Amino acid sequence: MILDNHIKQLKKTGMEPLRVLASIIRLPVLLCALVILGMPYLAAPAWAQDSPNPPHFEKITVATQQTDGYWVEAVDINNDNKPDLVTSGLTVGKVVWYENPTWEEHDITQLPKPVALAQDDIDGDGWTDIFISHDYGGCMFNCGPEDGKISWLRNPGETGGEWDVYHIGDLVATHRLQLGHFTTKDELELLAVPVVGSAGVESPVPITLYTKPEDVLTADKWPSKIVDESFHIIHGVVPYNSGEELDSVLLASEEGINIFSLDETHNPVIKPIGTGELGQVDFKGSGNVAIGYLTEKFPFDHYFPTAEPFHGNTIALYTPTGDNQSYERKVMYEFGPVDESVAHHVVTTDFDGDGDDEFLLAKRGSRPWQGVFYYDPILNENSKLEFKMTQLSDSSTARIAIADFNGDGLKDFATTGYYTAGYFLADNSEVLVFLNRGDD
Ligand SMILES: [Ca+2]
Ligand SMILES: [Ca+2]
Ligand SMILES: [Ca+2]
Ligand SMILES: [Ca+2]
């Protein structure tokens, strides 16, 4: 019965027979999904409430056989209010954008080993610009003194043409970029986060705050300050809404999951959430984190899904305990052998419109542990929370970008395959868009 339902569910998501078979093999895994306390249901759209299935996602193939693949970002490059896609990778280093809805490819630039992207109209001309860390060199295990630069790329706007490169700073091993207002509302700030310290994986990470200069077009670099050196191997940096006026981030690092803020004198304020995975040989802590929000039917209003430790195979969940001051960690699942089943990214949003955030897990591979896995929070017959897992893609997935690509009000997502020399080369690194077709 459970098997039949599972097959029906997979057929409804458009999986081909082999994939159905593969998924059945994983059924025991599905049934091992974790259980935590829950409360009665509230109203949801009929199709979301009545169906245990995820929405149907229509796959659009944007690029195949990439000789690269690390980052994907949803950015409206041509100002038509349709989110386009920007991708990059460390192997070839081309930064390109794909135009929604034809997904025609356009060049942006080529840089040595670009890693992270962020976006903002930093020169205020109405066209969204790209922030990028690059020249990653021999990092993260063999960083040289020049291995790490941060630049922004100016969107040429209506006339098209070259994207000029503006230098922001030099910071060894820079691996994540987060824009926001961390110490002041007056100026935009950039939190630049290396993956390791300049002396290697055992050295602390110099989290560095860059402040927007008065004239971004003439400045030769941005004013900067190291604001923290207490973490190691930081692989996840995501915005966190603390309810305060200034911005915070969640850090996934060797020290597990922490909420990281700065006070107005640039001193760090750190709130620990959990230690991460401590039982593995090569790495410990956490590799990626997201925050999911829940409605009143659950006993807590948010949760943190994580992929642990760095480039790890363990999916863990952190939920608030009674006083909301501490968190309980539960391991949801360990995918396959550690070095063959890397979970590389986790994101959350409400895909099915019932008010509760699902989360997506990006598995870079190798097969069979690769692709996108969808986890839907539901209440079981004992009013406990379970996450129901469905595999939505079996194409190597380095990262996921969420946006409403077709403007229908339903959240869609896009993925890029992982193709980084020295780490992992997917057999077919693709860029894919998955349009949320609801219950079609
Ligand atoms: Ca656009
Ligand atoms: Ca601009
Ligand atoms: Ca939902
Ligand atoms: Ca949509």
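Trainee: How many bridges join β12 to β13?
Mentor: This is a predicted model, and in it strand β12, residues 189–194, is joined to strand β13, residues 207–211, by four bridges. The two strands run antiparallel.

Trainee: Which residue stands opposite L191 in β13?
Mentor: L191 has L209 opposite it in that strand.

Trainee: And what joins β13 to β14?
Mentor: Four bridges join β13 to strand β14, which covers residues 224–228, and these strands run antiparallel. One residue pair to look for is I207 with its bridge partner in β14, D228.

Trainee: Let us turn to β7, β8, β9 and β10. In what order do they form a sheet?
Mentor: The order is β7-β8-β9-β10, in an open sheet of four strands with antiparallel pairing. The edges are β7 (117–120) and β10 (164–170), each of which pairs on one side only. From one strand to the next, the twist averages 25 degrees.

Trainee: How many bridges are there between β9 and β10?
Mentor: Six bridges pair β10 with strand β9, residues 149–154, in the antiparallel sense. For an example, find L153 and look across to V165 in β10, its bridge partner.

Trainee: Now the backbone. Which residues does a cis peptide bond join, with omega about 10 degrees?
Mentor: That bond joins C139 and M140. M140 lies in the loop between β8 (129–134) and β9, and β9 belongs to the open sheet described above.

Trainee: What about the peptide bond from E308 to P309?
Mentor: The bond from E308 to P309 is cis, and its omega is near -15 degrees. P309 is in the loop between β21 (302–308) and β22 (314–320).

Trainee: What is the phi of H311?
Mentor: H311 has a positive phi of about 45 degrees, although it is not a glycine. H311 is found in the loop between β21 and β22, where P309 also lies.

Trainee: Is H311 buried or exposed?
Mentor: H311 is buried, because 21 other C-beta atoms lie within 10 Å and the cut-off for a buried residue is 20 or more.

Trainee: And Q65, where does it lie?
Mentor: Q65 lies in strand β2, which spans residues 57–66. Q65 is not a glycine, yet its phi is positive, at about 50 degrees.

Trainee: Why does Q65 count as exposed?
Mentor: Q65 has 11 other C-beta atoms within 10 Å, and a residue is exposed if that count is 12 or fewer. Q65 is therefore exposed, whereas H311 is buried.

Trainee: Stepping back, how many helices and strands are in the chain?
Mentor: The chain has four helices and 32 strands. Of its 440 residues, 48% are buried.

Trainee: Which share of the contacts join residues at least 24 apart?
Mentor: The share is 51%, taken among contacts in the chain between residues at least 6 apart in sequence.

Trainee: Lastly, what is the mean pLDDT of the chain?
Mentor: The mean pLDDT is 88, and 88% of the residues reach 70 or more.

Trainee: Where does pLDDT stay under 50?
Mentor: It stays under 50 over residues 1–50. For that stretch the model has 78 contacts beyond four places in sequence.

Conventions: Residues numbered from 1 in each chain as written. Chains lettered and ligands numbered in written order. Predicted model: local features only at pLDDT ≥ 70, side-chain atom pairs only at ≥ 80, totals over all residues. Pairing = 2+ DSSP bridges. Axes fitted to C-alpha atoms, helices over the stretch in contact; angles between N-to-C directions. Contact = placed C-beta atoms within 7 Å. pLDDT = per-residue confidence, 0-100.
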